[in-house]
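Please look over the sequence and the model before reading on.

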Amino acid sequence: MKKVITITAFILSGLLCVFFILPFVSAFSSLWNPEKTGFVVTETSMALKPVFSAMIYTLKIALGSTAIAVLVGLPAAFFVSHRRFFGKKTLVSLSSVPLCIPPLLIALGFVLAFGMNGSLNRFVKHVFGFTSAPIVFLYSYWGIIIAQGFYNFPLIMKTVADTWSQLPQDEAHSARLLGASENRVFRTVTIFQLLPSLASASILVFLFCFFSFIIV
């Protein structure tokens, strides 16, 4: 039995090398000088600069998008977990949007609404007589993170709301009895109880945004 497990593990390791490690190395093969060992300061090695620049820009986009998702998702989680209002079920159902709808459709939706020839620009040009599109924020850093933030905030909302609705109230009630305002109760008690769910949801949103090249 142990021999079979060993052989199986060896085969799986070989497949991992063939289908993952080799393609990964091949992707950076253009940076390798075949005549010498290691990287050299040539035109080829200068290709590292745009690679690192793209990585840093992608990181900035992912962090900014996650921040917007948290800023929108946290208040939404409060209303979902503490209030009853018309359209609540519809708002909660949005949490499945990032998991079900391809990013390409989301990107096309934002372009059709806020793009150069989108509905908003056509309306503004028709009303005010502009000859060129006055609204171009969608093609900037802020446009990208706003699109990704609003695309992914339902994940923050749903995860935090589920935790928020089940939080023990003993510490919060004790703080109120000691004279703490609702704002202080949130800052000193509730937010720390929500941190695990908020952190897990934020990590998921960050990964979605980091790998969401289509929206960018």
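## Asp162 and its partner

In this predicted model, Asp162 counts as partly exposed, at 35% relative accessibility. Asp162 is joined by a salt bridge to Lys158, and their closest N and O atoms lie 2.8 Å apart. Lys158 is also partly exposed, since its relative accessible area is 29%, which falls between the 20% limit for buried and the 50% limit for exposed.

Both residues belong to helix α7, where they stand four residues apart, so about one helical turn separates Asp162 from Lys158.

## The other salt bridge

The count of salt bridges comes to two. Arg176 counts as partly exposed, with a relative accessibility of 31%.

In soluble globular proteins, nonpolar side chains tend to be buried together. Here the largest nonpolar core comprises 21 residues, and those with the most contacts inside it are Ile156, Val160, Trp164, Leu198 and Val205. Two or more residues of this core come from each of α2 (48–82), α7 (141–164) and α9 (182–210). A second, separate core has six residues, among them Ile106, Ala107, Tyr151 and Ile215.

Which residues does Ile156 contact, leaving aside its neighbours within four places in sequence? They are Ala69, Val70, Gly73, Leu74, Leu198, Ala201, Ser202 and Val205.

Note on methods. Residues are numbered from 1 along each chain as its sequence is written. This is a predicted model: local features need pLDDT of at least 70, side-chain atom pairs count only at pLDDT 80 or more; totals for chains, interfaces and linings use all residues. Side-chain values use heavy atoms; hydrogens and water are left out. A nonpolar core is a set of buried Ala, Val, Leu, Ile, Met, Phe, Trp, Tyr and Cys residues joined through side-chain atoms within 4.5 Å. Buried means under 20% relative accessible area, exposed over 50%, partly exposed in between (1.4 Å probe, protein chains only). Contact means heavy atoms within 4.5 Å. A salt bridge is a side-chain nitrogen of Lys or Arg within 4 Å of a carboxyl oxygen of Asp or Glu.
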